[in-house]
Every structure is written in structure tokens, then in C-alpha cells.
Amino acid sequence: MGLVEILSDHTLQTVAIGAAILGAVSGVLGAFAVLRQQSLMGDALSHAALPGICLGFLWAGSRDLGAILGGALAAGALAALTVMAMTRLTRLKTDAALGSVLSFYFALGIVLLTLIQRQAGAGQAGLEAFLFGQAAAILREDLQVMGVLALASLGAVALLWKEFKLVTFDPVFARTLGLPVVALEAVLTVMVAVAVVIGLQMVGVVLMAAMIVAPAVAARQWVTRLGPMVVISAAIGMGAGVTGALISAMGRGLATGPLVVLAASAAVLVSILLAPGRGVIWDWMKRRAERRALGGQRVLTAIHALAAEHGDPEYPAEQSMLDVYFGGGTAAALDRLEARGAVRRAAHFRTEGVHWVLTPQGQAEAEDILAGGEGDRP
Amino acid sequence: MFFRPRAEVQGRLHEPGLALHVEDLTVSYHARPVLWDIDLDVPPGVMAAIVGPNGAGKSTLIKAVLELVPKTAGHVRVFGAPYARARKRVAYVPQRSSVDWDFPTTALDVVMMGRYGHLGWLRRPGRETRAQAMAALGQVGMAAYADRQISQLSGGQQQRVFLARALVQEADLYLLDEPMAGVDATTERAIVKLLQGLRDRGRTVVVVHHDLQTVRRYYDWMVILNVRVIAQGPVAEVHTAENLRRAYGGQIALIDAAPEAPAGAGTM
Ligand SMILES: Nc1ncnc2c1ncn2[C@@H]1O[C@H](COP(=O)(O)OP(=O)(O)OP(=O)(O)O)[C@@H](O)[C@H]1O
Ligand SMILES: [Mg+2]
């Protein structure tokens, strides 16, 4: 298919819009979950959705989407509250509580799933589509449900922005201000369950956690404030969703959900490597630049010291002497200093070899360095 | 040994003019009492030090006032009202903030959070809040760091940001748990001046303080605590070698302790 045909394809449009909605919601809510150190919460909630899906199916007696998503939401919320209760009432740490809740609910879900499949006989209930997602099965009507859920949760975040921010950053302080911290945390958590429900058809319970965590982790690399982080996280989520949908439409029958997750993971990889300030490669390059600058500074001050010793600001320092003094090659550092006009080559009246003199600019720089320190005073 | 100035404290019990009134307060962690039958009164407009050895329960006392830890017994009044109703008049700086320092937020952001209580639900902080926060950062000498991510501040600078957050709360009662820990001498003097300025404007400032050398210079009111209240009252009366020995036992050499006050006069 050509790109134009692909873009005008009805199914693709539906899938892409659905994936974008999912990406935006999970990006926004995932940012809060990750910052609350509850990356695993998405995992627990999505796995917990499975028994809810099965119970919804059993209750409706058919593959009724409303019942199934309702069941998933209820089970997810119940699992979230279980985790909160476990960490508050026992001395279990959150990761341990999440781990045990996750496996319990998922095991329960698998048991129910096999039961249903046996009951339904050969005419499969088609529930295992929820394990890994089945984007192609999404209908236009489903988009409406997803859209309403998305608007509701994003609206809540917009309205309660500063409360959510405070509860996420400093819950103790939030308590002293009289905020209902537990209730706000519960709302944040339940909304993650909503995001999971939105993503169930698309990505499935197994990979859904990645949609919660990946955009947020990637976004965190690029920013120093919460607002931009949430916006970037949503954008990465949407981008990954649409990218996954497009690739799936072009490739022969590759499943959309895993592609979306792969796209989000690629964003994480790029961000971890490249983001200014936090990226690994950026960090490495900056440290190298700093090491060089430091080397240059030390050479500069050494020449300055020699000049001072000889009472001659234009004293030519011999490069081989500097090499001996620093126990290694100063040539590169001197070249860089020369390139920016801090030193110049000079002839010495008696000895051979390269000699260096501080330019006026170099003298000023050396004095600055020696004056040193940028401590702070109130 | 068991001297407790019940009678006199009882006399002031329901004086509504008190900034902080604590009565019969007992707090236990895992059934082990760490504060025992505390009766405490802090009049308004003083700058009070709470001193006592490590583990004396100073932080716990403040947390109990703020209802951050459950009380086993007793009650607290802030300006004559239960804490829940006086919340807006109280600001708190914890000893060690347990926040995630890598959180994507700047010093200015953190200080603005001090205004959230006054803004109330739904309202967003605007230009005015920003200006207030900048002014508070200036007061603690951190204006130049307003846009720094908080993980890129030194420990003392982080402490000052949290102090600034308390300042913008414009409270009447400040509860500060070792705000001077980890700040350099110059900054400590600046902070003390700042707090004394608050007191001079009629605010009440209660500070957990560790340096017994400076208590007399900085404060006008003093509470000595070690699970129980050992003594409380004006610094000149309370800061005695006898009282400090009772709180700290043999733990400290009482260099230049205050001249002995007449027995018992230190407590009220
Ligand atoms: N969360 C807790 N769980 C159990 N025990 C605690 C807890 N917090 C404090 N304690 C105990 O309560 C007692 C009082 O602690 P608190 O932190 O109030 O002391 P402090 O006077 O503030 O000491 P410091 O000068 O070291 O800050 C200590 O013995 C401490 O071990
Ligand atoms: Mg303490």
C-alpha cells in the first residue's frame, strides 16, 4: 500500500486514533505514577484487569465490551486499593505489595480464562485477544468510549493539577495543608486503571505496563519541571501510538500493540542516551569537555605562575618543561588554548623548542581562575 | 526527679491567647512512649527553642502537633483552636524532607507550593504567587537559584528553599525542625535574623535547636525536652546548668552554662 492509501484507510484511522488516545492518557497518568515511584503499578493494574475481563464476560454471557471493560476497571481499582491497604496497614514496601497483588490477580485471571475457554468449547470466546491486544478489532464506537474516558481523566488532571503535583512531590506537606492525601492518591491510582482499560484492546494486559512507564521515563530525561514533563510524556505516548499503527498497516499483519510498545521503548532508549543534562552520551561528552577545560586551566595557571616567578608577564614557558611538570602531553591543551587566543607561541633567546606566552586575555583568564570560587552568599 | 509544674501550667490551660498549648500529650511508637505526658505552653510573639538530646522526641512533638503522627493521649490547641481549624496559621519545615530530590521541579516551584493552602482548590498560582515566592527566595538568599532543579542544590540550599516555602505561607506560628542544620555560619545568622524579624512582627516561631551555645543569643523562650518536659519558660530562667543536666545527663560537658537560677525558678 502507498502512504496515501494507508492514511485514508478506515481501519487504520480508527486504530491510529485509538492508539493516540491511549498514548496521551497513559503518558499523562504514567508521569504521575513514575514520579510516585509506582512504575510497577501499571503492571499490577493491567495484570489485575484479566480476572475482571473474565468476570465481565461471564456476567454478560457474551463478549460484550461494556461489561468486559467495566469488569477490568473494577478489578484494576480493587487491585490498586489492595496495594494501598497493604502498604498502609502492613509494613510491606510498595514493590513487594505490587508484586504479590500482580501475580495473584494474574493467576486468578488465567484460571478463569481457561475455564471460560473450556466452557465455550471450540467456539472460542476470543478473550485471549486481551492478553496481547488486537487493535484491528477496535470499532469506531469503541473510540467514543475511549475518548470519553480519556477526556474525563485528562480533565481531572487539569482541574486538580496543583493538588496532584503537591501530593506527588511532598505528601507530608500536602497533609499539613489539609489536603485529603489518601483520596487524591487513590484517584491518581484509579485513573491509571482507567488508562489500562483504554489500552486493553489495543495493547493487551501483558504489555500495557510499558505504555504507562515508557513515555514518562523518556520524558523525564528532557525536562526540569513537571508541566513540560507531562506534556512531553503525552506527546511521546501519542507519537508511539500513531507510529505503531502506521508500521503495522505497512508491514504485513504485524500486531499493532507490540509495535506501539516498541516505538515507546525506542523513545526511552534515545532519551536515556541523548537527553541534555541527563543522557548518558550527553553526560559523557560534557565530562570530556570539562576534563579538557580543566586541563587547559591548569596549564594556563602554570604558565601564569612561571611568569609571576620571573616577574615578567611575557615570560616564555617551554613546552617540554610543562610536559615534565604535568607528567604528560600538554600539546593538545596548549593548541586549544592557542586556538581561543589565550596563549601564543614565542621564541626564547637562548633555548630551542616551543615556548608559550600568555596573551593579555590569557593573563586575565588565569587571574580569574586563581581568584576562584563561585560560592553563594545570602 | 518527678517535679512537674502541673499546678502553674494548669492555671493557664485554656488561655485562648496561647500560640501553642499542649496538654497531657503522650505519643508512642510501637507501644513504646517517646513523649510522656507533655504539658506545654508557648505564648504568642516569642521565638522559642526546643532543645533536648537526640531521640528526646522533639521532632515527634512537632509532628504530633501537626497530626502527622497519632497521639496516644492528650490534645493540642493552636491559638485556642484544634489544629485542623488553625491549619492555615501554621507553617512547618521538617528536619529532613523525605521528598524525591530528583523530582522535576525548581526551587521557585517548591516555594510556590507554600501558597497552595491559601489558593484553595482549583485556583492556579499566578503572577502574584510567583512574586511572593521570589521575594521569599530572596529573603533566604536563594533568589539566584530560583530556576535550578532542586537536585542541583546543596543540602544547605535545599534547606533554605524549604524555609522559603514556609515563609510564603505567612503563618502566625512557625514550627521549624532544625532549620539551621547543615547551613554555614553566615547563613545561620541570616536565618536567625529573619526569624527574629518574624517574631518582631508578632509571629510565633518555635525552632528545634541543637546548639546550646547559641540558645541564649537567639531565643527568648525555651523548652527543654527529654521524653518529658524538663523545663519551659523564658530562656534566662530555663537555660540553667541544672536543667540542662537533667535533660542531657552526663552526655555533655556544660561549658559556660548559665549562672544558676534559684531552684525551680526555671520552670513555670
Ligand atoms: N517512625 C518511627 N518509628 C519508631 N520509632 C521512632 C520513629 N520515629 C522516631 N522514633 C523514635 O522516637 C524517639 C524520638 O524521636 P524524634 O525523632 O522525635 O527525636 P528528636 O528529639 O527529634 O531527635 P533528633 O535530635 O535526633 O532529631 C526516638 O527514640 C526514635 O528512635
Ligand atoms: Mg528530630
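Is A:Arg345 buried or partly exposed? At 44% relative accessibility, A:Arg345 counts as partly exposed, where buried means under 20% relative accessible area, exposed over 50%, and partly exposed in between (1.4 Å probe, protein chains only). The structure is a predicted model, in which local features need pLDDT of at least 70 and side-chain atom pairs count only at pLDDT 80 or more, while totals for chains, interfaces and linings use all residues. Residues are numbered from 1 along each chain as its sequence is written, chains are lettered from A and ligands numbered from 1 in the order in which they are written, and side-chain values use heavy atoms, with hydrogens and water left out.

The side chain of A:Arg345 forms a salt bridge with that of A:Glu338, at 3.3 Å from N to O; a salt bridge here is a side-chain nitrogen of Lys or Arg within 4 Å of a carboxyl oxygen of Asp or Glu. A:Glu338 is partly exposed, with a relative accessible area of 29%. A salt bridge also joins the side chains of A:Arg340 and A:Glu365, with an N to O distance of 2.8 Å. A:Arg340 sits in the loop between helix 15 (331-339) and strand 2 (343-346) of chain A, and A:Glu365 in helix 16 (residues 360-371) of chain A, so this pair ties together parts that are 25 residues apart in sequence. Helices (H or I, at least four residues) and strands (E, at least two) are DSSP runs, numbered from the N terminus. A:Arg340 is partly exposed at a relative accessible area of 41%, and A:Glu365 is partly exposed at 22%.

Over all chains, the salt bridge count comes to 15. One of the pairs brings together the side chains of B:Arg165 and A:Asp170, at 3.1 Å from N to O. This contact crosses between chains, running from helix 7 (residues 155-167) of chain B, which holds B:Arg165, to the loop between helix 8 (161-169) and helix 9 (171-176) of chain A, which holds A:Asp170. B:Arg165 is buried, with 1% relative accessibility, and A:Asp170 is buried as well, with a relative accessible area of 4%. Elsewhere, A:Lys165, A:Arg225 and B:Asp109 are linked in a network of salt bridges.

Attention now turns to the spans annotated in chain A. According to an unreviewed UniProt entry, the annotation "transmembrane region" covers residues 12-35, 44-61, 67-85, 97-116, 145-161, 181-214, 226-247 and 259-281 of chain A; such annotations may be inferred rather than shown by experiment, with positions given in the numbering used here and feature names shortened. Residues 181-214 of chain A are 100% helix and 0% strand, and the end C-alpha atoms of this span lie 26 Å apart. Residues 226-247 of chain A are likewise 100% helix and 0% strand, with end C-alpha atoms 31 Å apart.

Patches are made of residues with over 30% relative accessible area and no salt bridge, joining like charges within 9 Å and nonpolar side chains (Val, Leu, Ile, Met, Phe, Trp, Tyr) within 5 Å. Accessible areas come from the Shrake-Rupley method with a 1.4 Å probe, and for residues only the protein chains shown count as cover. The nonpolar patch, of about 910 Å², includes A:Trp222, A:Leu269, A:Ile281 and A:Trp284. Helix 12 (256-274) and helix 13 of chain A each supply at least two of its residues, and helix 12 of chain A gives the most, with 5 residues. A:Ile281 lies in helix 13 of chain A and is partly exposed at 35% relative accessibility.

The positive patch gathers A:Arg288, A:Arg291, A:Arg292 and A:Arg336 on the surface. Lys and Arg count as positive and Asp and Glu as negative, while His and the chain ends are not counted; the place of a charge is taken as NZ of Lys, CZ of Arg, CG of Asp or CD of Glu. Helix 13 (residues 280-309) of chain A contributes the largest share of this patch, 3 residues. A:Arg288 is located in that helix and is partly exposed, with a relative accessible area of 39%.

Some backbone details in chain B complete the picture. B:Leu122, although not a glycine, has a positive phi of about 70°, and lies in the loop between helix 5 (116-119) and helix 6 (127-139) of chain B. B:Glu178, also not a glycine, has a positive phi of about 50°; B:Glu178 is found in the loop between strand 6 (173-177) and helix 8 (185-200) of chain B and is buried at 12% relative accessibility.
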